[in-house]
Structure formats: structure tokens, C-alpha cells
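User: I am new to this structure and would like to know what lies behind the words used for it. Could you go through them with me?

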Amino acid sequence: MSGVILLAVVISAIVAVAALTLNKRKPEPPSQTTWLTPQQLDRNDFASPTAPWVVVVFTSETCDTCAAMVSKVELLKSDRVGVEVVSYQTDLSRHKRYNIDAVPTTVIADHEGVVVKSFVGPASAADLWAAVAEVREPGSTPPPEAHRPIS
């Protein structure tokens, strides 16, 4: 009987050491990059400086996602919303001025140049249009919880 107990203790010790060794060998989770977006624009740097709102998409001509964003953003243009596309290849100075380090970066700014909403990477047309609608008229879009399914 004491042999069985000794064997159980040895097996338990081996399992504990193996578990500790395997736990130490787990790879670190990947780092999470957070891209910064401008918080303020000089409205004189962009199209329609007198329009109440401006939507600027910083792009690269080698970026397929950027081209898709440009198509969506251009539909927002109106007498109240200026739209401008700033390409890395043709306007590096504004990319540097606003510290753009990822494309597409899309910002929505008010008449004073305060960025009130931004997107880094792709965004759906619905999200873009809702963002512009919400900043122009707060409360005009349903809150996110309104889209949750009823359980």
C-alpha cells in the first residue's frame, strides 16, 4: 500500500513539474498596436475651409483598402461637408504634419478643426455615414446597444 502512495506522489510531482514547464513555454501574446489620429486640424490646410464639417482620408496609392475608403468618403461631400483625400505619394508634407503612420486614416473635424471622430483602417459606409450624421446632429443615430439581439 505504501508503494502505491509513493508512486502517486511521484506521478503528482512529475505532472506538476511538467505543467510548470509547459506554462513557462507559452508564447507572449502579440503586442497590440494603437494608431494615433490627429486631434486638431488647421482647416485652412484642407478643402472647404468654411464648410461646417470636413472629412479627410489620409491614403496611399498602393493601398487597396484606401481606394475603397475614398469611394465611401467621397459620397459624403455636400455643401455642409467638405471632403479631401490626402495621398502619401503626392502630399507627404501633410502626412508628416499630422503624424499619420497608418493608412487609411479618416478623420471628421468640425468648423474649428477639432477632430470629433476618426477611423484607422477600413470602415463600412454605414459607419462613416452614421458618424457624420451623429456629429452633425447628436442623438440622430441609435445607441450601439439598440443593435444587440434580444435574448
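Predicted model: local features only at pLDDT ≥ 70, side-chain atom pairs only at ≥ 80, totals over all residues.

User: What makes E1 and E3 count as paired strands?

Analyst: Two strands pair if at least two bridges are found between them. Strand E1 (residues 53-59) and strand E3 (residues 105-109) are joined by five bridges, so they meet that cut-off. They run antiparallel. Another residue of this pairing is Val55, whose bridge partner in E3 is Ile108.

User: How do you know that E3 and E4 pair as well?

Analyst: The reasoning is the one used above: at least two bridges are needed, and E3 and E4 have five, in the antiparallel sense. Ile108 takes part here too, with Lys117 as its bridge partner in E4. The hairpin of E3 and E4 has five residues between the strands, and in it Gly113 takes a positive phi near 90 degrees.

User: Why are E2 and E4 said to stand at the edges of the sheet?

Analyst: The order of the four strands in this open sheet is E2-E1-E3-E4, with mixed pairing. Strand E2 (81-87) and strand E4 (115-120) each have a single partner strand, so one side of each has no neighbour in the sheet. On average, neighbouring strands here are turned by 15 degrees against each other, direction ignored.

User: Which helices pack on the sheet?

Analyst: Helix H2 (residues 64-74) does, touching E1, E2 and E3, and its direction makes about 165 degrees with that of E1. Helix H4 (residues 125-136) also packs on the sheet, where it touches E1, E2, E3 and E4. The direction of H4 makes about 170 degrees with that of E4.

User: Why is E3 called largely enclosed?

Analyst: Buried means under 20% relative accessible area. Five of the five residues of E3 are buried, so the strand is largely enclosed by the rest of the structure. Both of its faces are covered: Thr105, Val107 and Ala109 are buried on one side, Thr106 and Ile108 on the other. For the whole protein chain of 151 residues, 32% count as buried.

User: How do you know that Arg94 and Glu84 form a salt bridge?

Analyst: A salt bridge needs a side-chain nitrogen of Lys or Arg within 4 Å of a carboxyl oxygen of Asp or Glu. For Arg94 and Glu84, the closest N and O atoms are 2.7 Å apart, so the pair meets the cut-off.

User: What makes Asp45 and Arg97 partly exposed?

Analyst: Partly exposed covers what lies between buried, under 20%, and exposed, over 50%. Asp45 is at 24% relative accessibility, so it counts as partly exposed, and Arg97 at 48% also counts as partly exposed. Their side chains meet in a salt bridge (2.7 Å, N to O). Asp45 lies in the loop between H1 and E1 and Arg97 in helix H3 (residues 92-97), so this pair ties together parts 52 residues apart in sequence. Asp42 is linked with Asp45 and Arg97 in a network of salt bridges. A search of the whole structure finds four salt bridges.

User: Why is Leu6 called exposed?

Analyst: Exposed means over 50% relative accessible area, and Leu6 is at 56%, so it counts as exposed. Leu6 lies in helix H1 (residues 2-24). Together with Val10 and Ile14, Leu6 makes a nonpolar surface patch of about 290 Å².

User: How many helices and strands are there, and what pattern does the chain follow?

Analyst: The protein chain has four helices and four strands. Along the sequence, their pattern is α-β-α-β-α-β-β-α.

Notes: Residues numbered from 1 in each chain as written. Heavy atoms only, no water. Patch = residues over 30% accessible without salt bridge, like charges linked within 9 Å, V, L, I, M, F, W, Y side chains within 5 Å. Areas by Shrake-Rupley, 256 points an atom, 1.4 Å probe, with all protein chains shown as cover. Helix = DSSP H or I, 4+ residues; strand = E, 2+ residues; numbered from the N terminus. Buried < 20%, exposed > 50% of the residue type's maximum accessible area, 1.4 Å probe, protein only. Axes fitted to C-alpha atoms, helices over the stretch in contact; angles between N-to-C directions. Contact = heavy atoms within 4.5 Å.
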